[in-house]
Amino acid sequence: MSDFNHRILDDTSHRPWPMPAGPWLMTQTWNDLLFAHWPVDVRALRDRVPPSFELDLFDGQAWLGIVPFHMTNVAPRLVPPLPWVSAFPELNVRTYVRIGDKPGVYFFSLDAGNRVAVGAARTLLNLPYYTAEMAVTADSGRIRYESRRPDPPAEFRATYRGLGGPRPPQPGTLEYFLTERYCLYAVNHRHVAYRLDIHHPPWPLEAAEAEIPLNTMAGAAGIRLPSMAPLLHFAKRQDMVCWAPEMLSRDRAF
């Protein structure tokens with residue numbers, strides 16, 4: 001399968017809980033990620049996250065992340081990547097939640113430059129995916145990223161790069177809290193909460209610099225960002241696998 005690194009399946013000692021017992025279902029490779037994070041008001045998030053998910057805070061502070069990257073190797077297990085569906089840009093707006101002892105990610109939006117992928121994710125997982133016009137180019141280590149979503153409208157434009165020296169974040173640090181998460185939480189079409197487990201190696205994080213002249217992504221989700229520079233991290237590449245969603249309750253999440 002292309003250049004996907006299947007050896008990640010043997011690297012499990014860093015995980016906060018064991019991998020699921022069943023077979024994984026899909027591969028993805030995430031490339032040239034920028035993690036841009038802002039501290040945000042807890043109450044603003046609480047009103048926009050299903051009540052069945054506990055907000056996950058770091059020293060009492062909530063965080064919102066905007067994460068641009070581009071994907072390759074997007075394919076079901078045992079199926080080779082296909083050029084027209086397996087590689088495309090994606091832009092996520094996310095915060096952090098948990099159920100019990102399993103912290104995860106909650107997405108307010110996931111913009112993608114591939115209508116097929118958007119339709120599949122909405123149909124199968126009820127994730128808030130949107131089709132956007134997106135362009136990603138690299139020049140001398142700098143990533144130029146543009147995204148424009150027509151409906152509901154949201155835009156993002158940035159130039160960013162890593163500053164070198166990738167290393168895994170250390171447990172207990174804010175960098176670890178913001179990145180080392182091995183599941184996402186969402187609700188299905190019947191409004192029942194589920195968890196979707198993922199697996200990847202520890203993040204090879206670098207400090208980063210970025211210019212972000214246009215960013216209406218958080219506002220489109222109804223969240224106001226503070227007037228301050230974001231906390232920035234960069235990762236060149238991350239290979240991952242994911243499993244089928246696990247329903248957490250038969251009760252409606254909201």
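1. A loop residue to begin with: N126 sits in the loop that runs between α2 (115-125) and β6 (129-131). The model is a predicted one. N126 has a positive phi, about 55°, although this residue is not a glycine. Its relative accessible area is 27%, so N126 is partly exposed.

2. D59 also deserves a look. Its phi is near 50°, a positive value in a residue other than glycine. D59 belongs to the loop between β2 (54-55) and β3 (62-76). Is D59 buried or exposed? With a relative accessible area of 74%, D59 is exposed.

3. Another loop holds a cis peptide bond. The bond in question runs from D151 to P152, and its omega is near -10°. P152 is placed in the loop between β8 (142-150) and β9 (153-162).

4. On the cysteines: how many disulfides does a search of the whole structure find? The search finds 0. For C183, the closest cysteine sulfur is that of C242, and the 12 Å between the two sulfurs is too far for a bond. Seen from C242, the closest cysteine sulfur is in C183, again at 12 Å and too far for a bond. A disulfide would need the two sulfur atoms within 2.5 Å. C183 is buried, with a relative accessible area of 2%. C242 is buried too, at 11%.

5. C242 comes up again in the largest pocket. About 950 Å³ of space lies in this pocket. Its lining is made up of 47 residues, and those nearest the centre are M26, Q28, L125, Y129 and C242. Several elements give two or more residues to the lining, among them β1 (26-40), β3, α2 and β13 (231-242). Others on that list are β4 (88-99), β5 (102-112), β10 (183-187) and β11 (192-199).

6. What is the make-up of the lining of the largest pocket, in nonpolar, polar and charged residues? The lining divides into 38 nonpolar, 6 polar and 3 charged residues.

7. V40 is part of strand β1. This residue is buried, and its relative accessible area is 6%. Apart from neighbours within four places in sequence, V40 is in contact with L45, Q61, A62, W63 and L64, and also with I223, R224, L225 and P226. The C-alpha atom of V40 is separated by 9.9 Å from that of G65, and the two residues are 25 residues apart along the chain.

8. T179 lies in helix α3, which covers residues 174-179. The relative accessible area of T179 is 4%, so this residue is buried; the cut-off for buried is under 20%. Which backbone oxygen does the side chain of T179 reach? The side chain reaches the backbone oxygen of E175, at a distance of 2.7 Å. Once neighbours within four places in sequence are left aside, T179 is in contact with F35, R94, P169, W203 and L205.

9. To recap the points a new reader may want to check in the viewer: the positive phi values of D59 and N126, the cis peptide bond from D151 to P152, and the position of C242 among the residues nearest the centre of the largest pocket.

Technical notes. Residues are numbered from 1 along each chain as its sequence is written. This is a predicted model: local features need pLDDT of at least 70, side-chain atom pairs count only at pLDDT 80 or more; totals for chains, interfaces and linings use all residues. Side-chain values use heavy atoms; hydrogens and water are left out. Helices (H or I, at least four residues) and strands (E, at least two) are DSSP runs, numbered from the N terminus. Buried means under 20% relative accessible area, exposed over 50%, partly exposed in between (1.4 Å probe, protein chains only). A polar contact is a pair of N or O atoms within 3.5 Å; within protein, one must be able to donate a hydrogen and the other to accept it, and residues adjacent in sequence count only if both atoms are side-chain atoms. Contact means heavy atoms within 4.5 Å. On a 1 Å grid over the protein atoms alone, a cavity is a set of points where a 1.4 Å probe fits but cannot get out, and a pocket is an open set with protein on both sides within 12 Å along at least five of seven lines; lining residues have an atom within 4 Å of a point. Grid points are joined across faces, edges and corners, and a volume is the space filled by probe spheres set on the points. Ala, Val, Leu, Ile, Met, Phe, Trp, Tyr, Cys and Pro count as nonpolar, Asp, Glu, Lys and Arg as charged, and the others, Gly among them, as polar.
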